[in-house]
Structures are given as C-alpha cells and as structure tokens.
Amino acid sequence: MESEVHVDELQSLPPLSWLVRPCEHYKEEYNDCTSIKAKFHQYFIHGETQDCSQWKADYNQCIQYRKHKDLESLTSLIESEKGRRQERLRGHYANNVWEKRNSPPDDWSMPLPEYLQKAEETSFLALKAKDMKEGKVDKTSYLCTIS
C-alpha cells in the first residue's frame, strides 16, 4: 500500500501514520465523489447525495503536510482515516450472527476428500502446471501487460 509518509520517517511520527494515503488519492476520491455519475449512484443507493467535503479537506491537509511537514495536519489526516476505517468495519464488528474464533479449526489442514483430489488432478490449472514443469509451454508467449 502506498503512503504519503516514507518508511524511514515512521519512527519519528505519530502512530498509525502509515494510514495516510498519497495526496493524489484524496483528490481522485473527491473528484470521483463529486462527479455526475457518482451523484446519480449516491442518490440511487442512499436516496440523497453524499457530502464530499471530507475528501477535499483531507486533500488540503495532505498537501499542507507534504509542503510544510505540519504534524497537526498529519494528525488530522490520521483521525480522518481512522474514522473511515471504523465506518468501513462497522458491519463486521456489529455482526452477531457468526461466532468469531481466535484460532483455526483443528482439522483445517486435513487432506481434501478423495473426490476433490481426483477433480483437482484434471483441473485446467493442474494440467497447465504439469505442462510448464515438463517444459511444454513457452513462457514468453503468455505475456500479459495491464496498463
């Protein structure tokens, strides 16, 4: 994950400074939030348009931190990110349907049932892996670049 704060600086900055995104991300979020398409989506989902001012304020705070290394701006950004994170995970913490566990089940690493092992042997992925091990596949012919 990218961060506005460099790894070398983390020791001398407030805790959770790594949560702060690059300033351009805040600007992109603000532009996306205020676009016509986003406004239609917000109205359709929530019944009203959302307030995008926090993204703009976060962008301004981030620029302030970037230019002047202002710790007050950084602290404000951290609090904003903590609030966003808390809102995103609210449903997870409020979920009382599933029992949360502290460790995996005792049998989590058991071998698969026999019928699944047989199905795995003839899967596309297994066959391609076998071909690659045997050198039947030219690796350069499967180059995919996403830009």
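**Salt bridges and exposed residues in a predicted model**

Glu 9 has a relative accessibility of 22% and so counts as partly exposed (buried is under 20% relative accessible area, exposed over 50%, partly exposed in between, with a 1.4 Å probe and protein chains only). The model is predicted, so local features need pLDDT of at least 70 and side-chain atom pairs pLDDT 80 or more, while totals for chains, interfaces and linings use all residues. Residues are numbered from 1 along each chain as its sequence is written, and side-chain values use heavy atoms, without hydrogens or water.

Which residue does Glu 9 pair with in a salt bridge? The partner is Lys 69, and the closest N and O atoms of this salt bridge are 3.7 Å apart (a side-chain nitrogen of Lys or Arg within 4 Å of a carboxyl oxygen of Asp or Glu). Glu 9 sits in the segment before helix 1, whereas Lys 69 sits in the loop between helix 3 and helix 4, so the contact ties together parts that are 60 residues apart in sequence. Helices here are DSSP runs of H or I with at least four residues, numbered from the N terminus. Like Glu 9, which is partly exposed, Lys 69 falls in the partly exposed class, at 42% relative accessibility.

How many salt bridges does the structure hold? The count is 11, and two others can be described residue by residue. Within helix 4, Glu 87 and Arg 90 are 3 residues apart, which means that about one helical turn separates them. These two residues form a salt bridge whose closest N and O atoms are 2.5 Å apart. Glu 87 is partly exposed, with a relative accessible area of 46%, but Arg 90 reaches 52% relative accessibility and therefore counts as exposed.

A further salt bridge joins Glu 134 to Lys 136, with 3.1 Å between the closest N and O atoms. Of this pair, Glu 134 has a relative accessible area of 44% and is partly exposed; Lys 136, at 62% relative accessibility, counts as exposed. Beyond such pairs, there is also a network of salt bridges with shared partners, made up of Arg 21, Glu 29, Asp 58, Glu 81 and Arg 84.

Is Val 7 buried or exposed? Val 7 counts as exposed because its relative accessibility is 66%. Pro 15 is likewise in the exposed class, with a relative accessibility of 68%. Trp 18 has a relative accessible area of 39% and is therefore partly exposed.

Val 7 and Trp 18 are 11 residues apart along the chain, and their C-alpha atoms are separated by 8.1 Å. What separates the C-alpha atoms of Pro 15 and Val 137? The distance between them is 49 Å, for two residues that are 122 residues apart along the chain.

How values were computed. Helix = DSSP H or I, 4+ residues; strand = E, 2+ residues; numbered from the N terminus.
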